[in-house]
Amino acid sequence: MKNIGFLAVVVATFVVAATAGSFFQDFELTWGGGRAKILENGNLLTLSLDKASGSGFRSKNEYLFGKIDMQLKLVPGNSAGTVTAYYLSSLGPTHDEIDFEFLGNLSGDPYTLHTNVFSQGRGNREQQFHLWFDPTKDFHTYSVQWNPASIIFSVDGTPIREFKNLETKGVPFPKNQPMRIYSSLWDAEDWATRGGLVKTDWSQAPFTASYRNFNAEACVWSSSASSSCSSSSGQSLDATGQAKLRLVQKNYMIYNYCTDIRRFPQGLPPECSFA
């Protein structure tokens, strides 16, 4: 399933930075005791997980609106029990967050791509997908396009999810808190694969995920740039983009919180009425 994606153009009235620098320039290794590495003159970053520890990194900058791209190649082989998380997040009890999480599986079984959106500390908005390719064989681009109108998740330019701003309907939307980019590789064998039934096979360690070609066409947050970031404008997917999104969700979505009546016996979240 290639080259079927179409994302509506998002216009920012003032984009502070368009970054396609090195990992040395844009990121810092935050934990893992040497298991996170920047290689090839800053063009490649790897995270590793063994029984003692996982690893992680974060962006030096905070962003408020824009388009964030990263190419990832996920843990190959038997990756059951592992989670590779790549997300944007602010801090605090009422934080905002935009999540990609890749849940490992047994060799030959597909990864699960888990997405979620937190606004003002509330998440529980999971949608999950199986990808139309093997994400361990090569690098693929995972993108977040975030503006005051919507958040669009895409894979290799194909939209897979859109979370629209429905504040007028009483649904909080991430728009005021700048977020850093984070990524980590960690052990979640108690829930990641088949609800925890399949455990991590530590004889396969170390597990390694790789990153390259980070690009941010986004507003870098600072006290002097806050008004510029807040003035960003945007639009949702157009009709063509919506058609591509529906095609992906029809063929590759495996879980949607907006259809999980058992989980929400008192009624589905309000945004589900407008999906």
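Mentor: Let's begin with strands: two of them pair if DSSP finds at least two bridges between them. The strands themselves, like the helices, are DSSP runs numbered from the N terminus (E, at least two residues, for strands; H or I, at least four, for helices).

Trainee: What kind of model are we reading?

Mentor: A predicted one, where local features need pLDDT of at least 70 and side-chain atom pairs count only at pLDDT 80 or more, while totals for chains, interfaces and linings use all residues. Residues are numbered from 1 along each chain as its sequence is written, and side-chain values use heavy atoms, with hydrogens and water left out.

Trainee: OK, how many bridges join β12 to β13, and which way do the two run?

Mentor: Six, and the strands run antiparallel. Ile-151, for instance, has Phe-163 in β13 as its bridge partner. Two residues sit between the strands in this hairpin, where Asp-156 takes a positive phi near 50°.

Trainee: And how is β11 joined to β12?

Mentor: By another hairpin, this time through three residues. Five bridges hold that antiparallel pair, and Gln-145 stands opposite Ile-152 of β12.

Trainee: Are the faces of β12 covered or open?

Mentor: Go by relative accessible area: under 20% is buried, over 50% exposed, and in between partly exposed (1.4 Å probe, protein chains only). In β12 (residues 150-155), six of six residues are buried. Ser-150, Ile-152 and Ser-154 cover one side, with Ile-151, Phe-153 and Val-155 on the other.

Trainee: Now the aromatics. What describes a pair of rings?

Mentor: The distance of the centres and the angle of the planes. Here, rings of Phe, Tyr and Trp (its six-membered ring) pair if their centres lie within 6.5 Å; planes under 30 degrees apart are stacked, over 60 edge-to-face, and the rest tilted. That rule gives 15 aromatic pairs.

Trainee: Why is the pair of Phe-27 and Phe-57 edge-to-face?

Mentor: Because the planes stand at 90°, with the centres 5.2 Å apart. Phe-27 is in β2 (residues 27-31) and Phe-57 in β5 (residues 55-59), so to speak distant parts of the chain, 30 residues apart.

Trainee: How do the rings of Trp-132 and Tyr-252 sit?

Mentor: That pair is tilted, because the planes are at 50°; the centres are 5.3 Å apart. Trp-132 is in the loop between β10 (127-129) and β11 (140-146), while Tyr-252 is in helix α3, 120 residues apart. Trp-132, at 16% relative accessibility, counts as buried, whereas Tyr-252, at 21%, counts as partly exposed.
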